[in-house]
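Subject: Structure handover

Hello,

Here is the structure I promised to pass on. Please open it first, then read my notes below.

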Amino acid sequence: MSFIEQDEKQALFTRAKKRAMYLLGSKDYSPKAMYDKLLKNYPPEICRKTVDYLTEYGYLDEERYAKKLAEYLIRTKKHGLYRARQEMSQKGVSRAAAELALEEYSREDLREELTELVQKKYSDKLDDPADLKRTMAALARRGYGYEDIKAAVRRVQADALDEIEWE
């Protein structure tokens, strides 16, 4: 490799680092997502070197990213474990990092989130069998298991019965 080629690679690496830092200024990325983003403008060797550099200095941390993403998916978007795992995989989070981040959420926490979601969004659709079926399908698409959905619906229905004042 000639001196000029080496100098060009160093210049590309410097530009890739600047671009990555600019991207990290607006949001977090997984190492894979950053690599894919840089790959649009730089050769694979430069992208790998840049991601390694960012990881070494703590700018990219897959576990930290996975925890933030899990928090967002579970608490804000109200997804179940299955859907959260799928979305995390699509964002480039490794299976191990995703499992580590999601193990923080106990089954009871997720059931409470699901019950709250059913109460807020679907409580008026639990009386008609057709609406109930659609509601349960929508909750399944959010990544919740059938048993958890049934339990949440029953809790909300029981709460509705408790609120009725009997004369």
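Is Glu-99 buried, partly exposed or exposed? Glu-99 counts as partly exposed, at 31% relative accessibility. Here buried means under 20% relative accessible area, exposed means over 50%, and partly exposed lies in between (1.4 Å probe, protein chains only).

Before the rest, some ground rules. This is a predicted model, where local features need pLDDT of at least 70, side-chain atom pairs count only at pLDDT 80 or more, and totals for chains, interfaces and linings use all residues. Residues are numbered from 1 along each chain as its sequence is written, and side-chain values use heavy atoms, leaving out hydrogens and water.

**Salt bridges**

The count comes to 14 salt bridges. Each is a side-chain nitrogen of Lys or Arg within 4 Å of a carboxyl oxygen of Asp or Glu.

Glu-99 has Arg-85 as a salt-bridge partner, with the closest N and O atoms 2.5 Å apart. This pair links distant parts of the chain: Arg-85 is in helix 5 (residues 81–90) and Glu-99 is in helix 6 (residues 95–102), 14 residues apart. Helices are DSSP runs (H or I, at least four residues), numbered from the N terminus. Arg-85 is partly exposed, with a relative accessible area of 27%.

Lys-32 and Asp-36 also form a salt bridge, at 2.8 Å from N to O. They are four residues apart in helix 2 (residues 31–39), so about one helical turn separates them. Lys-32 is partly exposed at 46% relative accessibility. Asp-36 is partly exposed at 33%.

In the salt bridge of Glu-147 with Lys-150, the closest N and O atoms are 3.8 Å apart. Both sit in helix 9 (residues 146–163), three residues apart, which puts about one helical turn between them.

There is also a network. Salt bridges with shared partners join Arg-75, Lys-78, Glu-113, Glu-116 and Lys-120.

**Aromatic rings**

A search of the whole structure finds two aromatic pairs. Rings of Phe, Tyr and Trp (its six-membered ring) pair if their centres lie within 6.5 Å; planes under 30 degrees apart count as stacked, over 60 as edge-to-face and the rest as tilted.

Phe-13 and Tyr-53 have ring centres 6.0 Å apart and planes at 90°, so this pair is edge-to-face. It links distant parts of the chain, with Phe-13 in helix 1 and Tyr-53 in helix 3 (residues 44–56), 40 residues apart. Phe-13 is buried at 7% relative accessibility. Tyr-53 is partly exposed at 27%.

Tyr-53 and Tyr-57 have ring centres 4.8 Å apart and planes at 50°, so this pair is tilted. Phe-13, Tyr-53 and Tyr-57 form one aromatic cluster.

Lys-49 lies over the face of Phe-13, at 4.5 Å from the ring centre. Arg-48 lies over the face of Tyr-35, at 4.8 Å.

**Helix 7**

Helix 7 (residues 107–122) has 16 residues. Its end C-alpha atoms are 21 Å apart, in agreement with the 22 Å it should span at 1.5 Å a residue. The expected span is 1.5 Å times one less than the number of residues. Buried residues in helix 7 include Leu-110, Glu-113, Leu-114 and Tyr-122.

Best wishes

Definitions and conventions: Helices (H or I, at least four residues) and strands (E, at least two) are DSSP runs, numbered from the N terminus. A charge sits over a ring if NZ of Lys or CZ of Arg is within 6 Å of the ring centre and within 35 degrees of the ring normal.
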